[in-house]
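Hi everyone, thanks for coming.

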Amino acid sequence: MTMTSAEPVPTPPAPPVSLTALLARRDLGLRLLAGPEDVSIHWVHTSEMADPYPYLLGGELLMTAGVQLADPAHYVERVVEAGAAALAFGVTPVYDTVPAELVEACARHRLPLVEVPPRTPFTAVARALWRLMAEARLHELRRVTEAQQSLAAAAARPAPVPAVLGALASRLGGRAVLFGADGTESVAAGREVPAGAARALRDLAGVLGPRPGGPASASGDGGGLRLAAYALGGGEGLTLGVATERRGPGDHTIAGVAVVLLSLLTAPHRGAEAAVRDGALVRLLLGAAPDEIADTLGPGPWTVVHASGGDGTPFAAAALAAALGTPLMDAGGTAPGAAGASGSAAGATGPGGRAPAAAETAGTAQGDAPGVVRLLVPAASPVTAQSGWTLGASAPVEAGDLAAADAQAARALRRAEATGAELARHRPGGIAALVDPDEATAHARALLAPLNTPLAETLRVWLSLHGGWDRTAVAMDIHRNTVRQRISRCAALLGRDLDDPDVRMELWFALKSR
C-alpha cells in the first residue's frame, strides 16, 4: 500500500479534461502524432522558451511554435521532467511540418504530441479547453449535490448507518466500510474488493486511530484501487474507509458529508430526546414547515450563525460546531471549489432550507457564499469569536422565525467580512437595516447622480421638513422662491413626482445612504 499525506494541496480551479475530449473538437482540427490520448489536462500554457521547465506546474497542455527549438530530444526530456501532460505544436510560421525528431522523442517518452494546424490560433485551443473544464465543473457540482441529497435521505431511514454507507458506496462506485476503534470491520456496503485492497484499506484506517492531534484523513493506493480513510468525530475511534477504482474531484466533498452524518449518527449518549430532535430536523429537511417541528426541535429561542473560513478539512466545521456548543450544523457549503457554487448542502427545497439530516435547519439563505457553514445554536449558549473563522450571528428567534434569522445571519456575516471583524451580530435598525449597505450606497449614487450638491442638500432638508417651503428656506438661509426653484429642478432632473409618498420615501432613503 502507498499512502499520501492528508495535508491539503493546491488544486486546479476546475476538474481536469481528457485530451480525447479536446481532440474530438472538429473545429480545432487537432491531430495526435505521438503518445496516448487518454491523459488528463489541468491547465494550458504557451511558451517559446528554449527550456520551459521553470515555468511549468505539471499537468499542462504546453503549446509552442518551436521558435527556439534547437534540440528536440532535450526539449522533450525537460517537458516530461516538468510533468506536462501533453505538447501541442503549431505549424507555421516557423515550421511547415512538425519536426520528425520531435515526434520521435515524444513517442519514446510517451508524451502526447498534438499538431495544431495553421488555421487554428493557440487562443482557440485554450478557449476550448477552458470551456470543456467549465462543463466538467458543472457536471461535478451536480454530482456532488445529488450525492448530498442521497446521503441526507439515507440518514433519515430506520437503519441510518448502513443506509448512509450504502448511499456513499453507490455514489462513489466502490466500497464504504465503518471500522471500529480496534480496526475490525463494523458495517460495510458496496461491491466486494480484492483481499489485498481490503487489507490495505484496514491498514490505512489504522493510521488514523483515536490519537489526540493525529491526522483526520489519509489517502493511498492498494490492490489496484484508490483508498481513503476519515476519522469520525465523537471520540469513539471510529473510522470511515472508502475504496474506489478512481477518485473524482468531488469525492472528498461527498465523503466529508458522509463523515459528518456518520459522526452524528454514531455519537455516544444519544438518548431518546436527541433521537426525537434529529427526527424533527430530518422532517424539516424533507419539506416540513418550521412551526410543524417546533415542539420536537426543542425549546427556543435559537441563534442562527453563518461562518466562513476554517482550514478546509471536512472536520473543521464540526470542530466549530463543538466550540459553539451545538451539533446542529450545515457544512454542505464547504465543498472545495465548489462549495459554494452549488448553493445547496442537501438539495432541500422546503421552507426549512438546506441541511443534511441531523444538521442545521435555519432556512434558505438567498445568495449564500461558497464555503459558508451554517449553525443553529441555543440562545442560552453564547456565540463568541472563533480563531480562523469569520462569524455572523442573528438575533435569538423561535423555531417559526428561523428563515428570517437565517437572512439576518447572512447579512451579519457579509458585514463582518467587509469590516474585517471576527464576529458581527444582527443589529436591528428598521427597514434600512434589511438592505446591504454597499448595495444601498450604489443605488443612492445612481439615483441621485443628476443632482449637484446644492440641489441634493435642498432636497434632503425639504424632505426632512415634510415639504415645508418656508421652514426649508429658514433652515437653509435662502429665499422661499429659491427653495421652490431647486425642488422643481430636482423633480425635472430625477423624472419623479415629488408629491408621491413612495417617491419621497425612496429619495429619503437614498439621501441617507449615499
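I'll start with the salt bridges and finish with that serine. Please keep in mind that this is a predicted model.

Searching the whole structure turns up 16 salt bridges. Let me walk you through a few of them.

One is between R31 and E115, where the closest N and O atoms are 3.2 Å apart. R31 sits in strand β3 and E115 in strand β8, so this pair links distant parts of the chain, 84 residues apart. How accessible are the two partners? R31 is partly exposed at 46% relative accessibility, while E115 is buried at 15%.

Next come E185 and R175, whose side chains meet in a salt bridge with an N to O distance of 3.6 Å. E185 belongs to strand β10 and R175 to strand β9, so the pair ties together parts that are 10 residues apart in sequence. Here E185 is partly exposed, at 48%, and R175 is buried, at 9%.

Then there is E506 with R496, at 3.0 Å between the closest N and O atoms. E506 is in helix α16, and R496 is in the loop between α15 and α16. E506 is partly exposed at 27%, and R496 is partly exposed at 27%.

There is also a network of salt bridges, linking D51, R78 and E81.

Now, the serine. S263 lies in helix α7, residues 251-265. Is S263 buried or exposed? It is buried, with a relative accessible area of 13%. A polar atom of the S263 side chain lies 2.7 Å from the backbone oxygen of V259. Leaving aside residues up to four places away in sequence, S263 touches L232 and G233.

Definitions and conventions. Residues numbered from 1 in each chain as written. Predicted model: local features only at pLDDT ≥ 70, side-chain atom pairs only at ≥ 80, totals over all residues. Heavy atoms only, no water. Helix = DSSP H or I, 4+ residues; strand = E, 2+ residues; numbered from the N terminus. Buried < 20%, exposed > 50% of the residue type's maximum accessible area, 1.4 Å probe, protein only. Polar contact = N/O pair within 3.5 Å; in protein donor to acceptor, adjacent residues only side chain to side chain. Contact = heavy atoms within 4.5 Å. Salt bridge = Lys/Arg side-chain N within 4 Å of Asp/Glu carboxyl O.
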